[in-house]
2 protein chains.
Amino acid sequence: MATQTPVRAKGRPRSCLADAAIATAALELFADEGFERFSMEAVATRAGVSKATVYRRFCGRDELLAHAMTQLGADVPKMPELGDFWENLTQFLDGIRESAPGSLKSRIMIRVLGEGERHPQLQAMVTELVIRPRQARVRLILNSGIQSGRLRPDVDIEATIALLIGPMVWLKMLRLTPEAGAATTETIVEVLRAGLVPASHS
Amino acid sequence: MATQTPVRAKGRPRSCLADAAIATAALELFADEGFERFSMEAVATRAGVSKATVYRRFCGRDELLAHAMTQLGADVPKMPELGDFWENLTQFLDGIRESAPGSLKSRIMIRVLGEGERHPQLQAMVTELVIRPRQARVRLILNSGIQSGRLRPDVDIEATIALLIGPMVWLKMLRLTPEAGAATTETIVEVLRAGLVPASHS
DNA sequence: TAATTACGATACGTTAGCGTTTCGCATTAT
DNA sequence: ATAATGCGAAACGCTAACGTATCGTAATTA
């Protein structure tokens, strides 16, 4: 190997600012406008670069979209591991519920779900990058809860995962009517923890 | 009043077959193709009628779409009222989870949610017609459960609603990976009923 | 029968977005 | 300096869909 950068192109190097601008513009555009309005031209305009700059990097919209989606998997909510089991669970779920109800990732997820039947490989990619890691993380947390005796060992894991993630997704969608999504993550975990049957029946 | 039909047009009456064909075509098209591809022309083609026939009934795509959405609220899952409280609840939730995971209403709901920020009045309409009636129905069921003593009277109603509806929506979305949505409605209700804490801690 | 309206088919001009290409200038290696 | 590549700007032709209008035929009332 002759140089530190094995293959160093001769001409003017590509602007890494343009790289970043295109990547973020692609994600935001898809979240804001949806699959249909996602086009090379729209991405270029939003990124503040020329169309030629985009086409030099990606052959077409599918390639660009796929590249943008790979940036979604980065930040899986981390596992706290210290503190009470229930606190950890609540904290993790809050991480899924995430910032504003209309966060970038949330909006992208909804778009993908809507377009899923028409573009199964896009859906598969997002499933693999976003949904699966979070499912696995919940599974880990639940298993640790069982081992530490905080959780019923005979509980149905898959059903519990649905009971934990489902409401988060649902409440995220209920940005519709603000007062309807008033239920906090804490109260949800608390209800699920104690169950629905009266204490006298236990 | 002169006649039984107060205003009887003179010429050829409008075909009620065309009415129905347009209405169903509009719903299916929106579910299949999404908001962007929803157009007067596409609806006419799918309905098997000419564009003129559609334009004679609706001024534009917004009017047509709004009319189509009003047909969604019709069949709220009925309240069984006979049988065990938990059986009723399970049955009702199965009704929400609904037939095939890709039912017409499900797909429309996802589309609306995705396009919600861009078209808030469409979202508001569907919220009013589909979501709210089901929320209210769950509320009724839960209150009846409290009155009959099957349900903890101090339970947080809003959190419980999220815990019931959320997983149904979530599992509906998990048509992605068939094995992942294996959790049945029964097991979900069972877990929620008994709670997550070990019996020894209750 | 005459008048009136609905229907299917089709054609029209307009608009918007697409992917592509070209141009002059900027930036880098040799 | 020279060659090579990236960049923004702009123009290209193409396609698809839009809303509208026209036509002959069908159905209904007066």
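What rotation superposes chain B on chain A? Hi everyone, let me start there. A rotation of 180°, with 0.0 Å of shift along its axis, does it, at an RMSD of 0.1 Å; the superposition is by least squares on the C-alpha atoms of residues with pLDDT of at least 70 in both copies. That is the relation of a two-fold axis. In chain B, B:Gly195 has the C-alpha nearest the axis, 1.7 Å from it.

Some housekeeping. This is a predicted model, where local features need pLDDT of at least 70 and side-chain atom pairs count only at pLDDT 80 or more, while totals for chains, interfaces and linings use all residues. Residues are numbered from 1 along each chain as its sequence is written, chains are lettered from A and ligands numbered from 1 in the order in which they are written, and side-chain values use heavy atoms, with hydrogens and water left out.

Now, the protein interface. Counting contact as heavy atoms within 4.5 Å, 57 residues of chain B touch 57 residues of chain A. The same surface serves both copies, with 100% of the contact residues of chain B recurring in chain A. Together the two chains bury about 5,300 Å², 63% of it on carbon and sulfur atoms; that is accessible area (1.4 Å probe) lost on putting the two parts together, summed over both.

What about charges? The interface has 6 salt bridges, meaning a side-chain nitrogen of Lys or Arg within 4 Å of a carboxyl oxygen of Asp or Glu. B:Arg111 and A:Glu115 meet in a salt bridge, 2.9 Å from N to O. On the chain B side, H8(B) gives the largest share, 12 residues; helices here are DSSP runs of H or I, at least four residues, numbered from the N terminus.

Some side chains to click on: A:Arg57 has an N or O atom 2.8 Å from a phosphate oxygen. For the bases, B:Arg12 places an N or O atom 3.2 Å from a base nitrogen, and B:Lys51 has a polar side-chain atom 3.2 Å from a base oxygen. The largest share of this surface, 4 residues, comes from H3(A).

Definitions and conventions: Helices (H or I, at least four residues) and strands (E, at least two) are DSSP runs, numbered from the N terminus. A polar contact is a pair of N or O atoms within 3.5 Å; within protein, one must be able to donate a hydrogen and the other to accept it, and residues adjacent in sequence count only if both atoms are side-chain atoms.
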